[in-house]
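Colleague: Could you take me through the packing in this model, and say what each term rests on?

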Amino acid sequence: MTHPILAQIQRLRADLAPGDTAPALVTALADGRAPLTVLARLAAQQHRIIASDRRSLLLLATRCADRPVGAWFAALADGESAALRTLPALASACGLDPDGLAHHPPLAGCQAYPAYLAWLALNAQPPAAAVALVANFAAWGTYCASIAEALRRHYGFPDEACAFFDFFAQPATALEEQAAESLGPHPLDDHTLAAAREHALLLQAYEHLFWDSLATPS
């Protein structure tokens, strides 16, 4: 029998999916049509994003440290730390100095997602934030899987340079199940679900803005 909260997460993910066509830049990367400069910008912006998201997740973990969902947020933060360690190889393959990633200027559209996650860390109810985050993971993972394959096929990147995308390309199923278990045995109430849907829609919009901003930097 499906966990009731897992079923709620899956319904929200399905609700998001119709509007979640791959951004144009993801398609261009998958086809090998995007220049390396785009990947360089991605590496630089992700360096800022991951550092911010890690702190936001740790704050969410602290806000519910006495509940299992706190450990779930902390595990996500550990994952961000692992992902950060893969960025130097990607940067090098794109012609960037890995030691200088932190010094690249932020692109406003790329940094909207982590800014909103920071807002969620301060203001959202942790269960609603957890459901919103995990409902969006599947799309991000699909994009990363597509790009990881393209980097090998079209760009000739070695495995270590693809590790960032490989890391996030894993199916989100396990994270969804873990989130549901951490949130308890009973379904979430309507207020929490409505808040989660609102958060998820904004996270989805900001993720698309990330890709659009990479494609057309100001």
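This is a predicted model: local features need pLDDT of at least 70, side-chain atom pairs count only at pLDDT 80 or more; totals for chains, interfaces and linings use all residues.

Colleague: Which residues touch the most other members of the largest nonpolar core?

Modeller: That core has 39 residues, and those touching the most other members are Leu90, Leu151, Phe157, Phe164, Phe165 and Trp211. Two or more residues come from each of helix H2 (24–30), helix H3 (36–63), helix H5 (87–93), H7, helix H8 (159–168) and H10, with H3 giving the largest share, eight residues. Another core, of 37 residues, lies apart from it and includes Ile5, Ala61, Phe73 and Ala132.

Colleague: Why is H7 called roughly parallel to H10?

Modeller: Helix H7 (residues 126–153) and helix H10 (residues 190–215) pack at an angle of about 30 degrees, with their axes 7 Å apart. Angles under 35 degrees count as roughly parallel, and therefore H7 is described as roughly parallel to H10. The crossing in which H7 passes H10 is right-handed.

Colleague: What classes of residue make the contact of H7 with H10?

Modeller: The contact has 14 nonpolar, five polar and one charged residues; H7 contributes residues including Pro127, Leu133, Asn136 and Trp140, while H10 contributes residues including His199, Leu203, Glu207 and Trp211.

How values were computed
Residues are numbered from 1 along each chain as its sequence is written. Side-chain values use heavy atoms; hydrogens and water are left out. Axes are lines fitted to C-alpha atoms, for helices over the stretch in contact, and angles run from 0 to 180 degrees between N-to-C directions. Helices (H or I, at least four residues) and strands (E, at least two) are DSSP runs, numbered from the N terminus. Angles under 35 degrees count as roughly parallel, over 145 as roughly antiparallel, 65 to 115 as roughly perpendicular and the rest as oblique. A crossing is left-handed if the near helix is turned anticlockwise from the far one by less than a right angle, and right-handed if clockwise. Contact means heavy atoms within 4.5 Å. Ala, Val, Leu, Ile, Met, Phe, Trp, Tyr, Cys and Pro count as nonpolar, Asp, Glu, Lys and Arg as charged, and the others, Gly among them, as polar. A nonpolar core is a set of buried Ala, Val, Leu, Ile, Met, Phe, Trp, Tyr and Cys residues joined through side-chain atoms within 4.5 Å. Buried means under 20% relative accessible area, exposed over 50%, partly exposed in between (1.4 Å probe, protein chains only).
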